[in-house]
Amino acid sequence: DTGVSQNPRHKITKRGQNVTFRCDPISEHNRLYWYRQTLGQGPEFLTYFQNEAQLEKSRLLSDRFSAERPKGSFSTLEIQRTEQGDSAMYLCASSLASGRQRNTGELFFGEGSRLTVL
Amino acid sequence: AQSVTQPDIHITVSEGASLELRCNYSYGATPYLFWYVQSPGQGLQLLLKYFSGDTLVQGIKGFEAEFKRSQSSFNLRKPSVHWSDAAEYFCAVAALFGNEKLTFGTGTRLTIIP
């Protein structure tokens, strides 16, 4: 399977615990995005990387959230001291961007990691 | 800031009937518009996109969308739906230049009845 892979697919945790999600993008893709989707809503942008550099972070990403992409390949999203409001589907997507300004347009999404905070 | 409105939360159509899902966008410059579909247990999949040229865009699975700048709309259509089209459909907008940071609408859930 050469698509975007996310693990774990479902995580149930107690409030106050830390959780980490992993995303493996399509291998040749240089851009990686994290989105969050809550029930009845569309995905909301959290952050994105170009290679290993984190280039933009949404205001939705509080200090308890941290994302890394250490070698420009896989990425992790860690949530510290989880709260019930963090319960959501966390989506990862990747794309191949050229050096030109025009964006390529298409994001390839993984199946998501669903977080339930009790 | 860019935004997308999908006025219909839920639409039910009969199998074989035509379909139109509405999408209105707000963006100050030339928009880059998308329709994605999300089926249960699957990731979002791109149906089609528009950024210039012919305002009628053809996509996968028999879908098409028409960009109307005067109405700030990008409605999705299909002449005859199949039971397998039941899913959640999201319209999204991005800046034409820059990264693929998408702003999504709230989605329209499509139910197909026999």
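Visitor: What makes up the lining of the largest pocket?

Guide: The residues of this lining divide into 10 nonpolar, 12 polar and five charged, where Asp, Glu, Lys and Arg count as charged, Ala, Val, Leu, Ile, Met, Phe, Trp, Tyr, Cys and Pro as nonpolar, and the others, Gly among them, as polar. This is a predicted model, in which local features need pLDDT of at least 70 and side-chain atom pairs pLDDT 80 or more, whereas totals for chains, interfaces and linings use all residues. Residues are numbered from 1 along each chain, chains are lettered from A in the order in which they are written, and side-chain values use heavy atoms, without hydrogens or water.

Visitor: What volume does the largest pocket have, and why is it called a pocket?

Guide: The largest pocket has a volume of about 550 Å³, the space filled by probe spheres set on grid points joined across faces, edges and corners. It is called a pocket because, on a 1 Å grid over the protein atoms alone, it is an open set of points with protein on both sides within 12 Å along at least five of seven lines.

Visitor: Which residues and strands line the largest pocket?

Guide: There are 27 lining residues (those with an atom within 4 Å of a point), and A:Gln37, A:Leu39, A:Met89, A:Arg114 and B:Gln38 are the closest to the centre of the largest pocket. Two or more residues each come from strands 9 (88–95) and 11 (113–117) of chain A and from strands 10 (87–95) and 12 (108–113) of chain B, a strand being a DSSP run of E with at least two residues.

Visitor: How do you know that chain B and chain A are in contact?

Guide: With contact taken as heavy atoms within 4.5 Å, 24 residues of chain B are in contact with 24 residues of chain A. The area buried between them is about 2000 Å², meaning the accessible area (1.4 Å probe) that the two parts lose on being put together, summed over both.

Visitor: Why is the link between A:Glu56 and B:Lys101 called a salt bridge?

Guide: The term requires a side-chain nitrogen of Lys or Arg within 4 Å of a carboxyl oxygen of Asp or Glu, and the closest N and O atoms of A:Glu56 and B:Lys101 are 2.4 Å apart, so this pair meets the rule.

Visitor: What does the salt bridge of A:Arg9 with A:Glu111 tie together?

Guide: The closest N and O atoms of A:Arg9 and A:Glu111 are 2.7 Å apart. A:Arg9 lies in the loop between strand 1 (5–7) and strand 2 (10–13) of chain A, and A:Glu111 in the loop between strand 10 (108–109) and strand 11 of chain A, so the pair ties together parts that are 102 residues apart in sequence.

Conventions:
On a 1 Å grid over the protein atoms alone, a cavity is a set of points where a 1.4 Å probe fits but cannot get out, and a pocket is an open set with protein on both sides within 12 Å along at least five of seven lines; lining residues have an atom within 4 Å of a point. Helices (H or I, at least four residues) and strands (E, at least two) are DSSP runs, numbered from the N terminus.
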